[in-house]
Amino acid sequence: MCIRDRAYTWSAGDIALRMEGDAQQGATAADVFLVADPVRVHALAFRGWLWPYVPPDLADALLETTAGGPPIHHWSALLPISGGGRADVDTWWDLTRPEWAGRVALSDPLVDDRTLYLLATMVQRADEMAEAYRTEFEREPPLDEDCGDAGCLWIRSLFANQPVILNGDADVARWVAEDAGRARVGLCGYEQYIKVRRGELSFAPLWTLAPTAGLRWPAALAIVDRAPHPRAAKLAVRWLYGGAGGGQGYAPWFEAGYYPARTDVPDPPGALPRDELLARLWEVDPAAITDMLPALRARVAVYLNPPTD
């Protein structure tokens, strides 16, 4: 988020709070908005606080927008990774088997919104989770009053399997890479793969699991409503989109683990094939999952801290 002559790196939640405060005061300090959080982007755009801007010379290369309207600058993914070679799993349901107890890690979904959004999307895409269950176990998923769909059943089964809950993606990637003699699986952002390319960690993305490779995580780029410097904001947006070789403002994201929104920019070196990965990722549907998030968060809290007799 760019404010006057400087830029700030804040969480999506902090940015949303700042923009709401500005709107209530009738003032705007920021010019440019760059945030990866589809649910919050959707909410801010719906309230008229973000304005999409596509530089005229990039009209043919920027064809995607977020669900909330602003164009996408780049995207990554939340997906499973494995250390110590490829783990012997082919569906998400494998991670609920007894042999994987204590060998799966994820960021705390009560703190990490991206993880919570994936769980919500599991519920939204319950039919696909049910089909994957039938293929894996050759029977119908055992639904009950507590979990009436296969997405909820997967969430409950995973937390019952004693997963390791960590503070963030960096911790998950490090834990998986440690391996400790048995293959581990973690759920984290693909951007952590940069550390593999740099030789800092060793793990591989498990992007062929059924029924999905994970969740796409797009970053929206827009001009803030009532930006103090609208012409400078347009120049900043154009610079952030970089050049066709991935340089200029796009350079920090031109590494394996990120993908450019510009169709004329190639995949970063070492990245999974963009089109093949994209075809296997689920998209966050903000309108569909926003209402379910409070109840899901409460349910996950119970699974993480089950009542004792």
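**Figure 1. Cys152 is buried, at 5% relative accessibility.** Buried means under 20% relative accessible area, exposed over 50% and partly exposed in between, with a 1.4 Å probe and protein chains only. The model is predicted: local features need pLDDT of at least 70, side-chain atom pairs count only at pLDDT 80 or more, and totals for chains, interfaces and linings use all residues. Residues are numbered from 1 along each chain as its sequence is written, and side-chain values use heavy atoms, with hydrogens and water left out. Cys152 is joined by a disulfide to Cys147, S to S 2.3 Å. A disulfide here is a pair of cysteine sulfur atoms within 2.5 Å. By this rule the count is 1 disulfide. The link of Cys147 and Cys152 is left-handed, with -55° about the S-S bond. Cys147 counts as buried because its relative accessibility is 0%.

**Figure 2. Helix H5 covers residues 150–160 and is mostly covered.** Helices (H or I, at least four residues) and strands (E, at least two) are DSSP runs, numbered from the N terminus. In H5, 8 of the 11 residues are buried. Among them are Cys152, Trp154 and Phe159. Their cover includes strand S6 (104–107), helix H3 (113–124) and helix H4 (126–137). Strand S7 (164–166) and helix H11 (293–304) also contribute to that cover. At the N-terminal end, Asp149 caps H5: a side-chain oxygen lies 2.9 Å from the backbone nitrogen of Gly151. After H5 comes Gln162, with a positive phi near 55°.

**Figure 3. The largest nonpolar core has 42 residues.** A nonpolar core is a set of buried Ala, Val, Leu, Ile, Met, Phe, Trp, Tyr and Cys residues joined through side-chain atoms within 4.5 Å. Trp92, Trp93, Met129 and Trp154 have the most contacts inside this core. Elements giving two or more residues to the core include S6, H3, H4, strand S8 (185–189) and strand S10 (214–224). H5 gives the most, with 7 residues. A second, separate core of 24 residues includes Trp175, Cys188, Trp207 and Ala213. Cys188 is buried, with a relative accessible area of 0%.

**Figure 4. Thr91 sits in the loop between strand S5 (72–82) and S6.** Thr91 is buried, at 5% relative accessible area. The side chain of Thr91 reaches the backbone nitrogen of Trp93 at 3.1 Å. Such a polar contact is a pair of N or O atoms within 3.5 Å; within protein, one must be able to donate a hydrogen and the other to accept it, and residues adjacent in sequence count only if both atoms are side-chain atoms. Neighbours within four places in sequence aside, Thr91 is in contact (heavy atoms within 4.5 Å) with Glu136, Leu209 and Ala210.

**Figure 5. The protein chain has 11 helices and 12 strands.** The radius of gyration is 20 Å, close to the 19 Å that the globule rule gives for 309 residues, so the chain is as compact as a globular protein of that length. This radius is taken over C-alpha atoms, and the rule is 2.2 Å times the number of residues to the power 0.38. Of the 309 residues, 52% count as buried.
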